[in-house]
Amino acid sequence: QVQLVESGGGSVQAGGSLRLSCAASGRTLSSVIMGWFRQAPGKEREFVAAISGSNGNTRHADSVKGRFTISKDNAKNTVYLQMNSLKPEDTAVYYCAADLNYNSDLRQSHRQYEYDYWGQGTQVTVSS
């Protein structure tokens, strides 16, 4: 069983920054794909970013490219999402997720059904 706990959410003004953390327990996640998704009120949950376990390659949604950066610390079994230049449209609940299939491809990391475990989410609110 894997537990994922997000933290670091909060309220910030447009242009500000936040760093989200996702701490994993129950299993070492250094070799699997980890992803961040978000869900705004009244909208579908959408892909934000993912990081490969094998080589650390990353992938970011076009809407956050250049502003958000996913990273991980294998020693801490933790994945991060650094969010800069935040916009009101970034307001959402942010979820981290783990794909435990060692054969998964980062190119498929935007698909929610690829992921086996999800955190409870952390709220990010950006005011204008």
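# Exercises on side-chain links and a cavity

Arg38, Glu46, Arg67 and Asp90 are joined in a network of salt bridges. The model is predicted. The exercises begin with this network.

## Exercise 1. The salt-bridge network

Work out which pairs build the network of Arg38, Glu46, Arg67 and Asp90.

*Solution.* 

Step 1. Start from the total. The whole structure holds 5 salt bridges.

Step 2. Take Arg38 and Glu46. Their side chains meet in a salt bridge, 2.6 Å from N to O. Arg38 is buried, at 5% relative accessible area. Glu46 is partly exposed, at 36%.

Step 3. Move to Asp90 and Arg38. The closest N and O atoms of this salt bridge are 2.9 Å apart. Asp90 sits in the loop between β8 (78-83) and β9 (92-99), and Arg38 in strand β4 (residues 33-39), so the pair ties together parts 52 residues apart in sequence.

Step 4. Asp90 also forms a salt bridge with Arg67, with closest N and O atoms 2.7 Å apart. Arg67 lies in the loop between β6 (58-60) and β7 (68-73), so its pairing with Asp90 ties together parts 23 residues apart in sequence.

Step 5. Check burial. The cut-off for buried is under 20% relative accessible area. Asp90, at 0%, is buried. Arg67, at 11%, is buried too.

## Exercise 2. The disulfide

*Solution.* 

Step 1. Count. There is 1 disulfide.

Step 2. Identify the pair. Cys22 and Cys96 form the disulfide, with sulfur atoms 2.0 Å apart.

Step 3. The angle about the S-S bond is 50°, and the link is right-handed. Cys22 and Cys96 are both buried.

## Exercise 3. The aromatic cluster

Classify the ring pairs that Phe37 makes with Phe47 and with Tyr115.

*Solution.* 

Step 1. Count. The structure has 4 aromatic pairs.

Step 2. Recall the test. Planes over 60 degrees apart count as edge-to-face.

Step 3. Apply the test to Phe37 and Phe47. Their ring centres are 5.7 Å apart and their planes lie at 75°, so this pair is edge-to-face. Phe37 is in strand β4 and Phe47 in strand β5 (residues 46-51), so the pair ties together parts 10 residues apart in sequence.

Step 4. Note burial. Phe37 is buried, at 0% relative accessible area. Phe47 is buried, at 12%.

Step 5. Apply the test to Phe37 and Tyr115. Their ring centres are 5.2 Å apart and their planes lie at 85°, so this pair is edge-to-face. Tyr115 is in the loop between β9 and β10 (117-118), so its pairing with Phe37 ties together parts 78 residues apart in sequence. Tyr115 is buried, at 6% relative accessibility.

Step 6. Ring pairs link Phe37, Phe47, Tyr115 and Trp118.

## Exercise 4. The cavity

Describe the lining of the largest cavity.

*Solution.* 

Step 1. Count. There is 1 cavity of 30 Å³ or more.

Step 2. List the lining. Among its residues are Cys22, Leu29, Met34, Lys72, Asp73 and Val79. Elements giving two or more residues to this lining are β3 (18-25), β7 and β8.

Step 3. Sort by type. The lining has 5 nonpolar, 4 polar and 2 charged residues.

Step 4. Connect back to Exercise 2. Cys22 lines the largest cavity and also takes part in the disulfide with Cys96.

Technical notes
Residues are numbered from 1 along each chain as its sequence is written. This is a predicted model: local features need pLDDT of at least 70, side-chain atom pairs count only at pLDDT 80 or more; totals for chains, interfaces and linings use all residues. Side-chain values use heavy atoms; hydrogens and water are left out. A salt bridge is a side-chain nitrogen of Lys or Arg within 4 Å of a carboxyl oxygen of Asp or Glu. Buried means under 20% relative accessible area, exposed over 50%, partly exposed in between (1.4 Å probe, protein chains only). Helices (H or I, at least four residues) and strands (E, at least two) are DSSP runs, numbered from the N terminus. On a 1 Å grid over the protein atoms alone, a cavity is a set of points where a 1.4 Å probe fits but cannot get out, and a pocket is an open set with protein on both sides within 12 Å along at least five of seven lines; lining residues have an atom within 4 Å of a point. Grid points are joined across faces, edges and corners, and a volume is the space filled by probe spheres set on the points. Ala, Val, Leu, Ile, Met, Phe, Trp, Tyr, Cys and Pro count as nonpolar, Asp, Glu, Lys and Arg as charged, and the others, Gly among them, as polar. A disulfide is a pair of cysteine sulfur atoms within 2.5 Å. Rings of Phe, Tyr and Trp (its six-membered ring) pair if their centres lie within 6.5 Å; planes under 30 degrees apart count as stacked, over 60 as edge-to-face and the rest as tilted.
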